[in-house]
Amino acid sequence: MHTYIMKKHIIVRSIIALGILLGIIRLALIFAGKPDAAIPAKYETVDNLAALYPDYTDVTIPPNIAPLNFQVCDSDATAFVCRMEGQGQELTVGARADGIIRVDTIAWRALLQQSKGHDITVSIYAKKPAGWVMFKPYHLYVAQEDIDPYLSYRLIEPGYELYRQLGLYQRNLTNFTEKPIYENNREYEDGHNHCINCHNYRNYSTEDMVFHVRSNHGGTIVIHNDRATKVQIKDSTIITAGVYPAWHPKQRLVAFSTNKTGQTFHIYHPEKIEVMDEASDLLLYDPDKNQVSHILRSKALLETFPNWSPDGNWLYFTQADIRRNVDLSEPDSTLGMRLVFDYDNVRYDLWRIPFNQQDRSFGQPEKVVDAVKDGKSITLPRVSPDGRYVLYTLGDYGQFHIWHKSSDLWVKDLERDSCYALQQANSTDVDSYHIWSSNGRWIVFSSRRMDGNYSRPFIAYFDEHGQARKAFCLPQEDPEQNLLLLKSYNVPELTRDAVRVSPRELRRCIYDTEGERAEYLPGHEVRNPAMADAVSGATPDATSGASPQRPR
Amino acid sequence: MSKQKNNPKKAPTPNVREARPEGKEGVVQRRALLLPVIPLFFLAVWLWSAVYFGHVFRICREYSFWVKNPSEMQFVLSRSFGSLWYVGRMLLQLFRYPWLGGLLMAFLLSMGSWLMGYAMRLRPRWRWIQYAPALAYMAVLTYHGLDIFFEAETGRILGIPFLTVLVLSIWAVIIRSFSRKPAPAIVGIPRDESPWQNRVQILVLAVGMMCVVGYNEWRRAEVRVVCRLMDAQYEQDWETIQRVARDNADMSNRPMAAYYAMALVHTDQVATRVYDIRLDYDTLHIHGMDWHSNNASAMYIPEGSYHAGLLQTSYHQCMEQMVMTGPTVRLLQLMTKCALMRSEWELARKYLRVLRDVPFEGSFCQRYGAMLNKPDLVNADAEMAKIRLTEPIHDSFENQYQQPTFMGYNLALVEGRSMNALYNSLAVCLYTKVMPDFMARLNPIRGTTPPDNFADGILLCRNKQEGIEKGFTGLNLREPRLQAYMKTIQPYLKDRPRYARELFPRFKGYYPYYYFFGNLKATRKSQTGSNRSSSSGVN
């Protein structure tokens, strides 16, 4: 008995001792792990900038942005010190040989608030074998205007056909918190595998939100505050379900494009994928009445990427006339293949159509930018919150510019009737899928400039002269996250508030409801004047586009 | 004392044993008969996992991915039992060196067995039961064969034994803390067992191991061969691939044929040695993550495209697999090589950075990291230089070709970068028995003595196109054999599927045999067989 009690004592004491030992080791690691952040007393000055990842040199940043943590890429150096100075405030951070500079969030916020409207000078010191050196300092320009604090996006492997685990996430831009809005297929089940499509909010608020689920449990998910409803917009007269959505800013209405989309893979081309529509129309959906109608509908014209003007009186969209590319009298079954053979000649112009908010009717569409005449193609028009600028992506051809290296951000100044590229924000790689901030001073877009494949959100300041400044990559707590993450950021959307609906509610809606079928209202489509503007010379049958029986 | 001797239920203490009355001679004799079962089991498991199944577990590791950073492992950690699979994947890294991984596997299974016996308080006469779970686990791994890594959670392989040992250890500690039950010997001679009790355990182990190995040889013989070939392919050991494939020429499956073809491409034998192995493609016991049977095309198609010069297609196929299974070492390595060959330096740097955190991948990162921004080094690499010769000249779309693309592309090739490209194209035409396309591509090699398979193909085409053989030398040397062959096979032509296997040993390596009797199951349908239409679309 005595031995038994002794044993118990020994075990209990051993466990306590082990716990204490582990605690000491942990504390030691925490305190010993902090790199030295003292400015070296002696150093040489070099005339070049330090190589940073991501490149945050000389960028304009919002005063409410999370710390711009970065990595100094210098394999010779064994330690680094970074000093940030602005308006009497100073912040010093040390880094080990890995060069990772992590800025304290509280100190960073204080520095930014102090430096609003001014510069922050950043000096980087590196400990080389021959001693400390100081690289040429650079500046961070702190704007007066905040950026909307929430950025939502889809994380998905870049492009390709199959899908499995992907999700919509929301990132708080003022810190590093990322929360899932909805994630699919954490556990793979063939019968539940589904894809999540583009999401959209009304007026930068999460009060109203929409996204589409494809394949198993498919349907359009309409969210109002914390409640989600699934609806089936697809009708025998509608090509597919709603694809690219745009909430009306004043009314609870969503304009959708409905697209028959296919993709092909290049065998020897820097642009790996070509995504093409062989048919697309525009729809108007009323979530309150669960009614859907066509806005524009034609076989010869591909209308897509709707976006409302802030006053809600215009619906902007892009449109291609495929009579330039294919003979529509040939069988529909081969249309997709015939378009693929002429993929680099399918081009889209920027159009808009007036909307009467009283009776919810549309007027005659009109061309806003004729890109085709310059041998270019426009996609993704987004009107600035003040209604003055239309921001769009311009590329050499096609509509899926997120895979076109030629794609750049352009604006149309509606006041001065001029179009120009946002030179400082653009890169030599893909720059596309953009969104304005609610104050119109920031644009967020996805770019593949880092490696040509994985898109990352970039933020650029849009000044009062209508010019964008150099864009910077979404800051991450671990700057290497941009390198290590094997997914793309897709469809960035800014909001003023956090998403209210829970992932559980969305899962319930997606998995447990079939979705009520929307009532289709026939005869609402507008006769598109472009139909008579045939490049082939043949005037198409204006009524054919309205026929609900017309085969697709 | 005699009571204790006659009552095996009560475990003797060391003191009691020393006082045994049999005398010195009796004790020596009895000790000589007892064998240390746990160490023997450890050795057997080590031999099984390191030597017999070493290549299989090494490929399991290649099909896995583990880094310390939890955010990179989110695709595993966020799933049910994710932490366990994370640990399992970590342990699996040791199979980079099968002898090392084998030690761990042997430790986990033998320790688990010992703990099982202790925790269950098994008496010596029932102690053989303690080995049953470990043997059953080995049997399960054997039964699943290629499925243990193909689109599967590789963390299970060592995660389950790890959890078992962990649970049993805690259980054993609790028992040990609250009872005075002595532990049976783990390393030395089990003195509490009688000779027959000891022999029963040895017998159970021997029979169990024989069943495991026997079943593998009987029903899953392809597993070790395919993994051996894959392993050699990673090492760019083309000679070993050929040797192993030819040694198992009678075995036939698509991954084996694909790796063999890659080796032939790299050793310039694609026109002469393709038909040294049987190409009838037996059904493989392999399933994807949707648990539907498939022909394992995903195992070889990315590599097939890469070695056929279709780098973009290979990258695409790697990405599709990565979407479905998450990253694997194998995919990341191949994507790195594709990116390097396409001068996508930043993309290659990204993959190398990811791989840098994977244990034991330092040499790969060092070798290929040196090529960043240095196209000269890329082109100087033997493997890459060979692949470069067959890269396409013009762009086109994958869906213009029959699947798999590396076959369809070569079948449709009209303009190549080198003679290697032409040879690959001719070889694919012969393999697919599309003789009009074969004949249409012969002009550039007219005036030469064609390689054996091409020569036989030309002779077979004479009936289809008169004069096709003109301009070639050396055909007359092949003619008598063809005539003799045609005469020999006449009785067998009525029922070719029935006689194909019987005739293979006689005509191994001979193209006309393949033309009439080989690959008869092939249809015009896609050879990939992987149907994922429900989960594909524009993303």
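**Close-up views of a two-chain predicted model**

**Figure 1. Contact between helices α8 and α9 of chain B.** In this predicted model, L109(B), G112(B), S113(B) and M116(B) of α8(B) meet P133(B), A134(B) and Y137(B) of α9(B); two residues are in contact if their C-beta atoms, placed from the backbone, lie within 7 Å. Helices (H or I, at least four residues) and strands (E, at least two) are DSSP runs, numbered from the N terminus. The contact of α8(B) with α9(B) comprises five nonpolar, two polar and no charged residues. In this classification Ala, Val, Leu, Ile, Met, Phe, Trp, Tyr, Cys and Pro count as nonpolar, Asp, Glu, Lys and Arg as charged, and the others, Gly among them, as polar. The axes of α8(B) and α9(B), the latter covering residues 132–144, come within 8 Å and cross at roughly 145°. Axes are lines fitted to C-alpha atoms, for helices over the stretch in contact, and angles run from 0 to 180 degrees between N-to-C directions.

Residues are numbered from 1 along each chain as its sequence is written, and chains are lettered from A and ligands numbered from 1 in the order in which they are written. Local features need pLDDT of at least 70 and side-chain atom pairs count only at pLDDT 80 or more, whereas totals for chains, interfaces and linings use all residues.

**Figure 2. Packing of α12 against α14 in chain B.** The axes of α12(B) and α14(B) lie 9 Å apart, at an angle of about 30°. The two helices, α12(B) and α14(B), are therefore roughly parallel to each other; angles under 35 degrees count as roughly parallel, over 145 as roughly antiparallel, 65 to 115 as roughly perpendicular and the rest as oblique. From α12(B), the contact draws on V225(B), V226(B), L229(B), M230(B) and Q233(B), and from α14(B) on P255(B), M256(B), Y259(B) and M262(B). Eight of the residues in the contact of α12(B) with α14(B) are nonpolar, one is polar and none is charged.

**Figure 3. The buried helix α5 of chain B.** Helix α5(B), residues 54–62, is mostly covered, with nine of its nine residues buried. A residue is buried if 20 or more other C-beta atoms lie within 10 Å of its own, exposed if 12 or fewer, and partly exposed in between; C-beta atoms are placed from the backbone. The buried residues of α5(B) include F57(B), I59(B) and C60(B). Among the helices of chain B against which they pack are α4 (37–52), α7 (82–92) and α8 (98–119).

**Figure 4. Helix α13 of chain B and its neighbours.** W238(B), I241(B), Q242(B), V244(B) and A245(B) are buried in α13(B), which covers residues 238–247. The buried residues of α13(B) pack against α12 and α14 of chain B.

**Figure 5. The crossing of α22 and α23 in chain B.** The axes of α22(B) (residues 405–412) and α23(B) (residues 419–431) come within 8 Å and cross at roughly 105°. That angle makes α22(B) roughly perpendicular to α23(B). M407(B), N410(B) and L411(B) of α22(B) meet N424(B), S425(B), V428(B) and C429(B) of α23(B).

**Figure 6. Backbone features in loops.** Most residues other than glycine have a negative phi, and most peptide bonds are trans. A cis peptide bond, with omega about -5°, joins Q403(B) and P404(B), and P404(B) lies in the loop between α21 (382–388) and α22 of chain B. In chain A, Y53(A) and P54(A) are joined by a cis peptide bond with omega about -10°; P54(A) belongs to the loop between β2 (52–53) and β3 (59–61). S343(B), although not a glycine, has a positive phi of about 60° and lies in the loop between α17 and α18 of chain B. S343(B) counts as exposed, with 12 C-beta neighbours inside 10 Å. K433(B), also not a glycine, has a positive phi of about 60°, and its place is in the loop between α23 and α24 (435–440) of chain B.

**Figure 7. The contact between chains A and B.** Chain B contributes 40 residues to the contact and chain A 39 residues. On the side of chain B that touches chain A, α16(B) gives the most, with eight residues. By class, that side of chain B has 13 nonpolar, 16 polar and 11 charged residues.
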